[in-house]
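Work through these exercises with the sequence and the 3D view side by side. Try each task before reading its solution.

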Amino acid sequence: MGQVEATTERIVTGKPEDVFDAIADYRDTRPRLLPQQFSEYEVREGGDGEGTVVHWKLQATSKRVRDCLLEVSEPSDGRLVEKDRNSSMVTTWTVTPAGEGKSRVVVTSTWIGATGIGGFFERTFAPKGLARIYDELLAKLATETAE
């Protein structure tokens, strides 16, 4: 078993604190940002950053659906961490300044992958698939924060 990692980043219009607040708003903003691969979205506790517990199903491929129950923490300024109670997946959102009125958003997901040939395919293809999903989410975030 090895660690699998998928990272996506984008520069978006908006001050870092405003962009971070949009990402951390699980009640209103986050549902609008989710691409079609996310379903059964439900905030179970909290709803704004630290202390939030949120559920969704992520259909990464036509045959692979992850049932995610995530605990949200904010370990430092500009950093939001989602730990899945149902797996080893951890997704970290990092928002930093990127010039006047702009922010760099980096989203990284890591998890312990399968072994053998299945693990080889997971390490090869899963990061690319997840990166495409998060790229779509970040495009929606860019639209949201530019308004």
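The exercises below move from the overall fold to charged pairs and then to a cavity, all in a predicted model.

**Exercise 1. The fold**

Task: Find how many helices and strands the protein chain has, and in which pattern they follow along the sequence.

Solution: 
- Step 1. Count the elements. The protein chain has 3 helices and 7 strands.
- Step 2. Read along the sequence. The pattern is β-α-α-β-β-β-β-β-β-α.
- Step 3. Look at burial. Of the 147 residues in the protein chain, 46% are buried.
- Step 4. Look at contacts. Take those between residues at least 6 apart in sequence; 48% of them join residues at least 24 apart.

**Exercise 2. A pair between strand 1 and helix 3**

Task: State which residue forms a salt bridge with Arg10, and where the two partners lie.

Solution: 
- Step 1. Side chains of opposite charge can pair when their charged atoms come close.
- Step 2. Name the partner. Arg10 forms a salt bridge with Asp135, and their closest N and O atoms are 3.2 Å apart.
- Step 3. Arg10 sits in strand 1 (residues 3-13) and Asp135 in helix 3 (residues 116-146). The two are 125 residues apart, so this pair links distant parts of the chain.
- Step 4. Check Arg10. Its relative accessible area is 26%, so Arg10 counts as partly exposed.
- Step 5. Check Asp135. Its relative accessibility is 32%, so Asp135 is partly exposed too.

**Exercise 3. Buried or exposed?**

Task: Decide whether Glu82 and Arg30 are buried or exposed.

Solution: 
- Step 1. Find the bond. The side chains of Glu82 and Arg30 form a salt bridge, with 2.9 Å from N to O.
- Step 2. Glu82 belongs to strand 5 (residues 79-84) and Arg30 to helix 2 (residues 29-33). They are 52 residues apart.
- Step 3. Apply the cut-off. Buried means under 20% relative accessible area.
- Step 4. Judge Glu82. Its relative accessibility is 1%, so Glu82 is buried.
- Step 5. Judge Arg30. Its value is 1%, so Arg30 is buried.

**Exercise 4. A pair between two strands**

Task: Find which parts the salt bridge of Lys57 and Glu40 ties together.

Solution: 
- Step 1. Note the distance. The side chains of Lys57 and Glu40 meet at 3.7 Å, N to O.
- Step 2. Lys57 lies in strand 3 and Glu40 in strand 2 (residues 38-45), so the pair ties together parts 17 residues apart in sequence.
- Step 3. Check Lys57. Its relative accessible area is 24%, so Lys57 is partly exposed.
- Step 4. Look at the backbone of Glu40. This residue has a positive phi of about 55 degrees, although it is not a glycine.
- Step 5. A search of the whole structure finds 8 salt bridges.

**Exercise 5. The cavity**

Task: Find which residues line the largest cavity.

Solution: 
- Step 1. Recall the method. Rolling a probe the size of a water molecule over the atoms shows where empty space is left.
- Step 2. Count and size. There is 1 cavity of 30 Å³ or more. The largest cavity has a volume of about 30 Å³.
- Step 3. List the lining. Trp56, Leu58, Cys68, Leu70, Glu82, Met89, Thr91 and Tyr134 line the largest cavity.
- Step 4. Sort the lining. It divides into 6 nonpolar, 1 polar and 1 charged.
- Step 5. Trace the lining to strands. Strand 3 (53-59) and strand 4 (65-76) each supply at least two of its residues.

Technical notes: Residues numbered from 1 in each chain as written. Predicted model: local features only at pLDDT ≥ 70, side-chain atom pairs only at ≥ 80, totals over all residues. Heavy atoms only, no water. 1 Å grid on protein atoms, 1.4 Å probe; cavity = no way out; pocket = protein on both sides within 12 Å on 5 of 7 lines; lining within 4 Å. Points joined across faces, edges and corners; volume = space filled by probe spheres on them. Helix = DSSP H or I, 4+ residues; strand = E, 2+ residues; numbered from the N terminus. Nonpolar A, V, L, I, M, F, W, Y, C, P; charged D, E, K, R; others polar. Buried < 20%, exposed > 50% of the residue type's maximum accessible area, 1.4 Å probe, protein only. Contact = heavy atoms within 4.5 Å. Salt bridge = Lys/Arg side-chain N within 4 Å of Asp/Glu carboxyl O.
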